[in-house]
Each structure stands twice: as structure tokens, then as C-alpha cells.
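This briefing is meant to be read alongside the sequence and the coordinates. It starts with the cores and then turns to the helices and to a few individual residues.

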Amino acid sequence: MTDLAIQIPEANRRLDAIDRKILTVLQEDASLSVAEIGDRVGLSSTPCWKRIQRLEADGVILRRVALVDQNKIGLGISVFVSVESADHSEAWLKTFAGAVSAMPEVMEFYRMAGDVDYMLRVVVADMPAYDVFYKKLISAVPLKNVTSRFAMEKIKSVTALPVPAA
């Protein structure tokens, strides 16, 4: 591995310094024109566009989205839900993962190592909405334990990954 590139195992290609700059710029503001991105990373429009297309084709850039303030659309409560299961079979997981993935309140869903099996980040309007979600969750499949932790204040929240330097 050189100082100029890092290995991307999924795509089996390397990211050079310009690719990393493009990723950093796009994570900050994906609405910029290709010309503006090119100016910021030291490329003209065509080579910049080709690199962006390649990063998308390689699956490095998954999609471009607008970030919405959850409070301004009436989703004022964030809940971190820990789930423990007594059943660790593949069939149970498939059913559970399908049910949870279909719940629009679930923003993130992880299988964990440690003292809990699954962790969910859930956003809802209020406590009655969380109660509806909770009842839907516990009726989906048998669960050993569900613990809900309510966020009182968001101190830091970022979407941009720290693109590693080579």
C-alpha cells in the first residue's frame, strides 16, 4: 500500500488523493455542480464527473440525499432501543430483520456483539407514537428483553464519514 491510495476491498480498486477529496466535498454538499466540485479538488468538469461516476459504479458513493431536520417535521423523540433475543436461529433473524426493516420509524438497525443482540435508532413524534411502535416491535417475534433509552439532547450528529488519508 502506498501513501497515495487506500485499498477498497469491495470494489477491488484504490482511492487516490483526488477521489478522497471528491468524497469529502460531496459529503459536505452533494448539491454542488460538477464544475464547483472540480474547482475544489483541482480537476476540470469532465474528469471530475468521470471520477464521481466511477465512485458511484464501484459502490463507494451509495446515493445522494437531502438531510432533513427531524424536529422540524414533527419527529421530536429519538430512542435507542436495545433488543435481546433467546432465539439466535437464522429463521428467527430473517423474520425479525424483515419486520424491523419494514418499520419506517427505525433509522438504523445493527446486530451487536456484547450484552445486547440488536440496537435500533428510532425516531417518533411523541410518547404515544413510541408506544405504538413498541407494541408493533414486541409483537413481531418473540423477544427476551427490550430496553428503550430516550435521548434528551442531540450533542453531535454528523453524516460525513472521516475519509482516511492514505
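A nonpolar core is here a set of buried Ala, Val, Leu, Ile, Met, Phe, Trp, Tyr and Cys residues that are joined through side-chain atoms within 4.5 Å. In this predicted model, the largest such core has 18 residues, and those with the most contacts inside it are Val-81, Phe-96, Val-106, Leu-120, Val-122, Phe-133 and Leu-137. Two or more residues of this core come from each of β3 (77-84), α4 (90-101), β5 (118-124) and α5 (127-140). A second, separate core has 13 residues, among them Leu-15, Leu-32, Cys-48 and Ile-61. In soluble globular proteins, nonpolar side chains tend to be buried together.

**Domains and annotation**

- The protein chain is divided into domain 1, covering 17-58, and domain 2, covering 70-151, and the C-alpha centres of domain 1 and domain 2 lie 36 Å apart.
- An unreviewed UniProt entry places the feature "domain: HTH asnC-type" at residues 15-76; in the model, the span 15-76 is 53% helix and 2% strand, and its end C-alpha atoms lie 39 Å apart.

**Helix packing**

- The axes of helix α2 (residues 34-41) and helix α3 (residues 45-57) come within 8 Å and cross at roughly 95°; because angles of 65 to 115 degrees count as roughly perpendicular, α2 and α3 are described as roughly perpendicular to each other.

**Residues around Phe-133**

- Leaving out residues up to four places away in sequence, Phe-133 touches Met-103, Glu-105, Val-106, Leu-120 and Val-122.
- Val-106 is found in strand β4 and counts as buried, at 14% relative accessibility.
- Beyond its neighbours within four places in sequence, Val-106 is in contact with Val-100, Leu-120, Arg-121, Val-122 and Phe-133; Val-106 and Val-81 are 25 residues apart in sequence, yet 9.7 Å apart in space from C-alpha to C-alpha.
- Glu-105 lies in the loop between α4 and β4 (106-111) and is buried, with a relative accessible area of 17%.
- Not counting residues up to four places away in sequence, Glu-105 touches Arg-121, Val-122, Val-123, Val-124, Phe-133 and Lys-136, while the C-alpha atoms of Glu-105 and Leu-120, which are 15 residues apart along the chain, are separated by 9.7 Å.

**Two partly exposed residues**

- Gln-27 has its place in helix α1 and counts as partly exposed, at 27% relative accessibility.
- With neighbours within four places in sequence set aside, Gln-27 is in contact with Thr-159, Ala-160, Leu-161 and Val-163; Gln-27 and Val-65, 38 residues apart in sequence, are 9.9 Å apart in space when taken from C-alpha to C-alpha.
- Gly-76 lies in the loop between α3 and β3 and counts as partly exposed, at 43% relative accessibility.

Methods: Residues are numbered from 1 along each chain as its sequence is written. This is a predicted model: local features need pLDDT of at least 70, side-chain atom pairs count only at pLDDT 80 or more; totals for chains, interfaces and linings use all residues. Side-chain values use heavy atoms; hydrogens and water are left out. UniProt positions are given in the numbering used here, feature names are shortened, and annotations may be inferred rather than shown by experiment. Helices (H or I, at least four residues) and strands (E, at least two) are DSSP runs, numbered from the N terminus. Domain bounds come from an automatic or database domain assignment. Buried means under 20% relative accessible area, exposed over 50%, partly exposed in between (1.4 Å probe, protein chains only). Contact means heavy atoms within 4.5 Å. Axes are lines fitted to C-alpha atoms, for helices over the stretch in contact, and angles run from 0 to 180 degrees between N-to-C directions. Angles under 35 degrees count as roughly parallel, over 145 as roughly antiparallel, 65 to 115 as roughly perpendicular and the rest as oblique.
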